[in-house]
Amino acid sequence: MDIAAETFKLLEKNRREKQGHIYTVPSPSTYPYQWLWDSCFHAIMLAKREPDIAKQELLSLVSRQLPDGMIPHIIFWEEKITRPYQWGWGRKGTSSITQPPMLAYAAWEVHRALGDGPAFLKVIYPKLLSYYRYLIEERDPQDHHLIGIINPDESGEDNSPRFDSPMHVPPKVSFAEHFILRHKLVDMNRICNFDAATCMSENFWVKDVPFNSILVKNLEILCHIASLLGDAEGEHFATLHAGLIKEAMRTHLFHDGVFYSAANHDYKPLKVETWAHFAPLFADIYTKEEAERLIEQHFHNDETFRSAFGIRTVSKREPSYRRNGFWRGPIWMAPHWFIYKGLVAYGFDREARFILNTSVTLLEKNGFREYFDPEDGTGYGAHEFTWGGLVLDMLED
Ligand code: GLC
């Protein structure tokens, strides 16, 4: 399979132009709108061959930034919404929740590919800065230095069992029941007008490990961009908060050698074994020794995370584990990509190769499906789903 050719064919097929904006839908039949972290992934892929389209993808994404700096996780770009994605309306045809903050990373990749000096960064930087300021100022009302999410969907891992306790659901909750409960949560948050401090203290407040790890990495890149553009204040803001979040993660989320997400103001640990253990590798949050232990005990463990087809999103030992259960066990390409990047940065070359090889096998076996059965490699969920293109970024790393 020519992964580059297939990726670019799919990205072109899924490309849309609406209201003068160009963007890519994650899957034409299942996800026919623009999604936040998906668009960041698209920009990373597009930057490899079509940097100008990659730039359009990000500009379209930031064009619907809300006045407080929040970037919504969906832009509908349609008058009529054909599927039940009522995640609370923003002001301009958007949802009212966000998603993992990959934007600075994606912008940097696009900048490098464009080779237009600082021109693109100058345009996007004010948007980036106000988005990251929103996260730091609004999502951390008690200055804990850990950023909170107000709905499981903000993690990008909609029904992950990490959120079972704050969602008050049992390990065997069905997909449909979970979906209804998440929408109820949107309704409850709508009542408090999506004011983060109120929503979090009354309804749902999780300091999630992947979200905060991704934020740390992105703040470091933001700092770099700020320095390049000569904004000393932005540079100071980004370094300061990257450091504070890293430290707070180590103080409050680190137990028995791994990181666990936590809920509420008192940091109640959500002790569910998920791929979140590996996410801090992406932002260099484990020491080298801790990372070695993590790899030995959790990565190389067929009873928990490792399968013949890659790394499970949930440990097989968890009562919530389901091999075809959406975010309750299957392999997804985005977690694979984050883990891959972390492994490479720490010099775990053999393990990185395992992620790359299993990802390629899954693509070759199934094409661009949404998620994969760790036990036999079957593809599930959306068709023509773009995340398989992240394998190209691993191949060309
Ligand atoms: C699913 C995924 C989410 C993704 C969206 C669009 O809801 O869980 O992470 O952004 O689909 O692809």
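This is a predicted model: local features need pLDDT of at least 70, side-chain atom pairs count only at pLDDT 80 or more; totals for chains, interfaces and linings use all residues.
# Reading burial, contacts and a ligand shell

User: Let's start with C192: is this residue buried or exposed?

Analyst: C192 is buried, at 12% relative accessible area. Residues are numbered from 1 along each chain as its sequence is written, and side-chain values use heavy atoms, with hydrogens and water left out.

User: How many disulfides does the structure hold?

Analyst: A disulfide is a pair of cysteine sulfur atoms within 2.5 Å. Here there are zero. Take C223: the closest cysteine sulfur, in C40, is 19 Å from its own, so that is too far for a bond. C223 is also buried, with a relative accessible area of 17%.

User: Where is R64 found, and what does R64 touch?

Analyst: Helices (H or I, at least four residues) and strands (E, at least two) are DSSP runs, numbered from the N terminus. R64 sits in the loop between α3 (51-62) and β4 (74-75), and is buried at 14%. Contact means heavy atoms within 4.5 Å. Leaving aside residues up to four places away in sequence, R64 touches several residues, including Q19, H21, W77 and K92.

User: And which side chain does a polar contact join to R64?

Analyst: A polar contact is a pair of N or O atoms within 3.5 Å; within protein, one must be able to donate a hydrogen and the other to accept it, and residues adjacent in sequence count only if both atoms are side-chain atoms. For R64 the partner is S63, at 3.4 Å, side chain to side chain.

User: Which residues are around the ligand?

Analyst: A residue counts as near a molecule if one of its heavy atoms lies within 4 Å of it. Among those around this ligand are Y31, W37, Q99, D158 and W327. Ligand oxygen to side-chain N or O distances are 2.9 Å for Q99, 2.7 Å for D158 and 2.8 Å for W327. The protein covers 96% of the 310 Å² of accessible area that the ligand has on its own; such areas come from the Shrake-Rupley method with a 1.4 Å probe, and for residues only the protein chains shown count as cover.

Conventions:
Buried means under 20% relative accessible area, exposed over 50%, partly exposed in between (1.4 Å probe, protein chains only).
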